[in-house]
2 protein chains.
Amino acid sequence: MAGTEQAQSEQAGVVAKVVDELHAMLTSMELLPGQALRQEALAARLGVSRAPVREALRVLESEGILHYERNVGYTVKRLTVAEFEQTYLMRRALESEVLRALPPLTEAQLGQLDQVNQQIERAATLSDMVTVHRLNDEFHFLVFQASGLDLVVDELRRIWKLSNSYRSAYLLHDRGARQRIVHEHGAMIEALRHGDSEQLIALMDNHRVGTSTQVGVLLAGSTDLESPSS
Amino acid sequence: MAGTEQAQSEQAGVVAKVVDELHAMLTSMELLPGQALRQEALAARLGVSRAPVREALRVLESEGILHYERNVGYTVKRLTVAEFEQTYLMRRALESEVLRALPPLTEAQLGQLDQVNQQIERAATLSDMVTVHRLNDEFHFLVFQASGLDLVVDELRRIWKLSNSYRSAYLLHDRGARQRIVHEHGAMIEALRHGDSEQLIALMDNHRVGTSTQVGVLLAGSTDLESPSS
DNA sequence: GGCTCCAGAATTGGATCCAATAATGGATCC
DNA sequence: GGATCCATTATTGGATCCAATTCTGGAGCC
């Protein structure tokens, strides 16, 4: 169960691959907020033509991740502090609903969560922040998906992606966060094991405000994450 | 202020126009859930080439409105009762947050809301349900936008679109709804005038459950809205 | 009569091509 | 020296083209 990648290189179409690749470049901070995206450069970088790149860029724009200006092109959208806080407002509102709808988890599901959390700990000790980020997402969405509220989960997936760059920056910046995350996940697993929804919601709220306020000060401090041109 | 159209035919790019056109065809029920979309037919219908049509279709897929299968094409996604209810769950969660964040509205804003509501009443007496639908959306989003929570409002816009087809069917089906909507909007304007957020939230909740349960039975009854091929 | 298989048609997927628009940089004028 | 204007360049926008895949329908077989 180690390779739960989104690497759908198989049989999935070039634009889907480009979309995934762009998301990966975003969370790995290869693309930074404010940066301009050149269609031809991307096409060359990914070994495809401009046509699928354009479709993929259009998708990311509709997801609210890229900014688009006609005859000018796409840039990575920059979030203000207020906008970043809105993503966390939405997360709290929707995640609470999802957690409240959670049925009792099976032992297998709980074991999987524990396993992912151990993988996070391992990646954290190696300072592999990209992997930490990816596994952290996987942990939370394993929980969300157990609710069966697939449309809400889809929406949450979209909302999470809005702040990916900033959460990556946070993970890279705050060394203490890594241990804290693993520990808090452990507490969540306990709450899930006992079917204590309200406790779980409280833990998640706390989990969120931790990173939220941290990223807030990070955003308020240095005017923004800046971007050079390649 | 009558022509608050989304008709950005001006200077806005062909794909944006196609995206809008598709949304319009969806709410006007020219496109029905389950229906397949032929790229070439759409291109001919809209007087453009297939390239921008494909980008637009990809956008609607990423919005969760269309279903896509590689080498097969796009179809209008069908919502199950459970999925439809999830859209209303999300609306309640997010709209409550937005309404709670609402500042006192200006007299001008209140007047505009009243004016839109009167237009709804007029369109309703003419049984112009497409216009009723459009103006109803405009009414609610005028309120939402006053919150200044632009990212949340964007998200709500997306969520509303998920159920457009079904809400149109409901409006067309239930003759009583038209008067009820206008009346309830009036009560909302009153609550807004007095700055009574909690009352407003209660009214909105009631407003939603009305149409929600109605569409629910409509969906549970006839297996689904069906679609012929043109 | 019904099922299987194959060939033709229809449709999508990706690449390429040309026009239109905006960014760039240098020459000219004040 | 600095600002303005214009030609050049770079980049995007939309249309067209060809290959690959799926759907359709009819012939043949059981």
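The surface near DNA strand C comprises seven nonpolar, six polar and four charged residues. The structure is a predicted model. In this model, a rotation of 180 degrees with 0.0 Å of shift along its axis brings chain B onto chain A, with an RMSD of 0.0 Å. That is the relation of a two-fold axis. The same surface serves both copies, as 100% of the contact residues of chain B recur in chain A.

**Surface near DNA strand C**

- DNA strand C is surrounded by 17 residues, and the closest are Val14(A), Ser49(A), Ala51(A), Asn71(A) and Gly73(B).
- At least two residues of this surface come from each of three helices: helix 1 (14–27) and helix 3 (50–62) of chain A, and helix 2 (39–46) of chain B.
- The most is given by helix 3 of chain A, with three residues.

**Surface near DNA strand D**

- Around DNA strand D there are 17 residues, of which Gly73(A), Val14(B), Ser49(B), Ala51(B) and Asn71(B) are the closest.
- Sorted by class, the residues near DNA strand D are seven nonpolar, six polar and four charged.
- Helix 2 (39–46) of chain A, helix 1 (14–27) of chain B and helix 3 of chain B each supply at least two residues of this surface.
- Helix 3 of chain B gives the most to the surface near DNA strand D, namely three residues.

**Helix 3 of chain B**

- This helix covers residues 50–62, which makes 13 residues, and it reaches 18 Å from its first C-alpha to its last, close to the 18 Å expected at 1.5 Å a residue.
- Helix 3 of chain B is mostly covered, with ten of its 13 residues buried.
- Just after the helix, Gly64(B) adopts a positive phi of about 85 degrees.

**Nonpolar core**

- In soluble globular proteins, nonpolar side chains tend to be buried together.
- The largest nonpolar core here has 110 residues, and those that touch the most other members are Ala56(A), Val152(A), Ala56(B), Ile120(B) and Val152(B).

Methods. Residues numbered from 1 in each chain as written. Chains lettered and ligands numbered in written order. Predicted model: local features only at pLDDT ≥ 70, side-chain atom pairs only at ≥ 80, totals over all residues. Least-squares fit on C-alpha atoms with pLDDT ≥ 70 in both. Contact = placed C-beta atoms within 7 Å. Helix = DSSP H or I, 4+ residues; strand = E, 2+ residues; numbered from the N terminus. Expected span 1.5 Å × (residues − 1). Buried ≥ 20, exposed ≤ 12 C-beta atoms within 10 Å, placed from the backbone. Near = placed C-beta within 6 Å. Nonpolar A, V, L, I, M, F, W, Y, C, P; charged D, E, K, R; others polar. Core = buried A, V, L, I, M, F, W, Y, C linked by C-beta atoms within 7 Å.
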